[in-house]
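Thank you all for coming. Please bring up the sequence and the model on your screens, and keep them in view while I talk.

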Amino acid sequence: MFSPDLISEARIGCGMEIASKKRLLETLAELLANDHPRLQTETVFERLLERERLGSTGLGHGIALPHARLKDLNEVQGAFVQTVQGVDYDAADGEPVDLAFALLVPEAANEEHLHLLAHLASLFSDAGIREQLRACTSVPDLLHVLNAR
């Protein structure tokens with residue numbers, strides 16, 4: 001189960017029509033920035049894109065875990081998007097991504113960052129969880145599945 005500060009209904013998109021990796025990252029950046037008084041969408045997007053340039057955060061099985069560190073952030077923030085159809089994301093398995101969880105962490109939170117990434121990767125490696133997330137038709141349903149583990 002995630003901390004209530006990590007993910008909330010305000011930072012979840014359900015059944016979204018998104019056609020590109022860039023637009024997916026922009027959407028995640030908007031969800032993160034719109035729910036935080038000190039974050040700017042452009043800054044969040046640029047940091048996510050910066051990390052993506054180092055190598056794709058597409059895990060395979062239609063999952064992406066874009067993440068970044070921000071010096072202006074004091075607490076970990078997450079956002080989740082479920083798309084109607086997958087987008088080309090340069091994932092390791094070449095499969096399109098339709099489930100994406102973005103993670104922002106404070107710049108100095110090395111241990112917490114790695115722990116959360118490992119937890120999320122483990123969560124999304126479960127085929128049953130992926131299936132449940134894809135079957136959800138509302139933001140509350142998605143939040144419930146995400147918080148069930």
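This is a predicted model: local features need pLDDT of at least 70, side-chain atom pairs count only at pLDDT 80 or more; totals for chains, interfaces and linings use all residues.

Phenylalanine 124 has a relative accessibility of 3%, and it therefore counts as buried, where buried means under 20% relative accessible area, exposed means over 50%, and partly exposed covers what lies in between, computed with a 1.4 Å probe on protein chains only. Residues are numbered from 1 along each chain as its sequence is written, and side-chain values use heavy atoms, with hydrogens and water left out.

Now to the aromatic rings, where rings of Phe, Tyr and Trp (for Trp, its six-membered ring) are taken as a pair if their centres lie within 6.5 Å, and planes under 30 degrees apart count as stacked, over 60 as edge-to-face and the rest as tilted. The count by this rule is three aromatic pairs. In one of them, phenylalanine 80 and phenylalanine 124 have ring centres 6.3 Å apart and planes at 15°, so this pair is stacked. It joins distant parts of the chain, since phenylalanine 80 belongs to strand S5 (residues 77–87) and phenylalanine 124 to helix H3 (residues 110–124), 44 residues apart; helices (H or I, at least four residues) and strands (E, at least two) are DSSP runs, numbered from the N terminus. Phenylalanine 80 is itself buried, because its relative accessible area is 0%.

Which kind of pair do phenylalanine 101 and phenylalanine 124 make, stacked or tilted? Their centres are 6.3 Å apart and their planes stand at 50°, so the pair is tilted. Here too distant parts of the chain are linked, with phenylalanine 101 in strand S6 (residues 97–106) and phenylalanine 124 in helix H3, 23 residues apart. Phenylalanine 101 is buried, with a relative accessible area of 0%, and together Phe80, Phe101 and Phe124 form one aromatic cluster.

Let me turn to threonine 41, which lies in helix H2 (residues 41–54) and, at 21% relative accessibility, counts as partly exposed. Leaving aside neighbours within four places in sequence, threonine 41 is in contact (heavy atoms within 4.5 Å) with Glu26, Ala29, Glu30, Ala33 and Asn34.

Finally, please find aspartate 90, in the loop between S5 and S6, whose phi is near 60°, a positive value in a residue other than glycine. Aspartate 90 counts as exposed, because its relative accessibility is 53%.
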